[in-house]
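Subject: Structure handover

Hello,

Here is the structure I promised to pass on. Please open it alongside this email; my notes follow below.

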Amino acid sequence: MRLFARLPDSVEVGGRQLPLVATRYRAARGIRLKPCAITSSLKLSLPARGGVREALDLIERHRGWLEAQVARWPAPLPFAPGAEIPFDGRTLLIDWDAARPLRPVLDGDRLRLGGPLVGVRDRTRRFLLAQARAALVPATQEEAAKLDRKVARIALNDPVGRWGSCNQRQGSINYSWRLILMPAWVRRAIVVHEVAHLVHANHGPDFWRLVAEMDGRAGESRRWLARFGREMHAVGAETGRI
Ligand SMILES: [Zn+2]
């Protein structure tokens, strides 16, 4: 018999090994379990102390429900040879041959690259980051110039809950590198949204009026993101399969 139950780092659900991310809250009344499609993980809220056995019980009792949830998630799409990834509104095949030069080259609907297999993932990711930067920096400055504003700093990262953010005071904008996976008109809508925050640092009526003036497809792009946003987060994700 184990005296102290411990939480595992991951839990197998429907053939996928999912990280178990536990957070303790002083004010938590009970234990909550939430599968997160975006991070492909299980989130567990626990009270400040204890609750480990109950949490393990909860996972077991809700196994069927968890499996049903995970089955609806978009399949992970690792950066591996032969994978087809969304890119700039089209599909890009990762075409790897060890004999080719290391550096990825865009050739129509193929991303050709060589070098050791072990580095394919990182080289593909770096390529996409560079493409994202090359697309977003001039687009942002161009939209900002229309509003007579300047953007001091543009950064790319991989946030979970938002595609962009703007710090009006510092004149800085952050984007998700995943914008390069989206069609150009969706990417532009996000750029316009963040640039409009340089004028209105809120989501008030004036802000939305400005967005609508700058981008006729703003509503359409929000619907696109609601439908396909999750799939963008599955790109480059590891399979987590056992
Ligand atoms: Zn906003």
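One definition to start: buried means under 20% relative accessible area, exposed means over 50%, and partly exposed is in between (1.4 Å probe, protein chains only). By that scale Leu-102 is partly exposed, at 48% relative accessible area.

Two notes on the source. The model is predicted, so local features need pLDDT of at least 70, side-chain atom pairs count only at pLDDT 80 or more, and totals for chains, interfaces and linings use all residues. Residues are numbered from 1 along each chain as its sequence is written, and side-chain values use heavy atoms, with hydrogens and water left out.

Overall picture

The chain has 242 residues, and 40% of them are buried. Its secondary structure comes to 6 helices and 11 strands. These are DSSP runs, numbered from the N terminus: helices are H or I with at least four residues, strands are E with at least two. The C-alpha atoms fill a box of roughly 70 × 55 × 30 Å along the principal axes. A contact here means heavy atoms within 4.5 Å. Of the contacts between residues at least 6 apart in sequence, 48% join residues at least 24 apart. The chain exposes about 13,900 Å², with 51% supplied by carbon and sulfur atoms. Accessible areas come from the Shrake-Rupley method with a 1.4 Å probe; for residues, only the protein chains shown count as cover.

Zinc site

Which residues coordinate the zinc ion? They are His-193, His-197 and His-203, each through NE2, at 2.0 to 2.1 Å. Donors are N, O and S atoms within 2.8 Å of the metal (3.2 Å for Na, K and Ca); water is not among the atoms, so the site may look incomplete. Along the chain the spacing reads H-x3-H-x5-H. His-193 sits in helix H4 (residues 184-196) and His-203 in the loop between H4 and helix H5 (205-214), so this pair ties together parts 10 residues apart in sequence. His-193 is buried, at 18% relative accessibility. His-203 is exposed, at 52%.

Leu-102

Leu-102 lies in the loop between E6 and strand E7 (105-107). Its C-alpha atom is 5.8 Å from that of Leu-113, 11 residues apart along the chain. Beyond neighbours within four places in sequence, Leu-102 contacts Leu-113, Gly-114, Gly-115, Pro-116 and Arg-123.

Two positive phi angles

Most residues other than glycine have a negative phi. Asp-88 has a positive phi of about 55°. Asp-88 is in the loop between strand E5 (84-87) and strand E6 (90-96), and is partly exposed at 28%. Asp-148 also has a positive phi, of about 60°. The loop holding Asp-148 runs between helix H3 (120-146) and strand E9 (153-157). Asp-148 is exposed, at 70%.

Cavity

How many cavities of 30 Å³ or more does the structure hold? It holds 1. On a 1 Å grid over the protein atoms alone, a cavity is a set of points where a 1.4 Å probe fits but cannot get out; lining residues have an atom within 4 Å of a point. The largest cavity has about 40 Å³ of space. Its lining includes Arg-16, Trp-73, Pro-74 and Arg-230.

Best wishes

Methods:
1 Å grid on protein atoms, 1.4 Å probe; cavity = no way out; pocket = protein on both sides within 12 Å on 5 of 7 lines; lining within 4 Å. Points joined across faces, edges and corners; volume = space filled by probe spheres on them.
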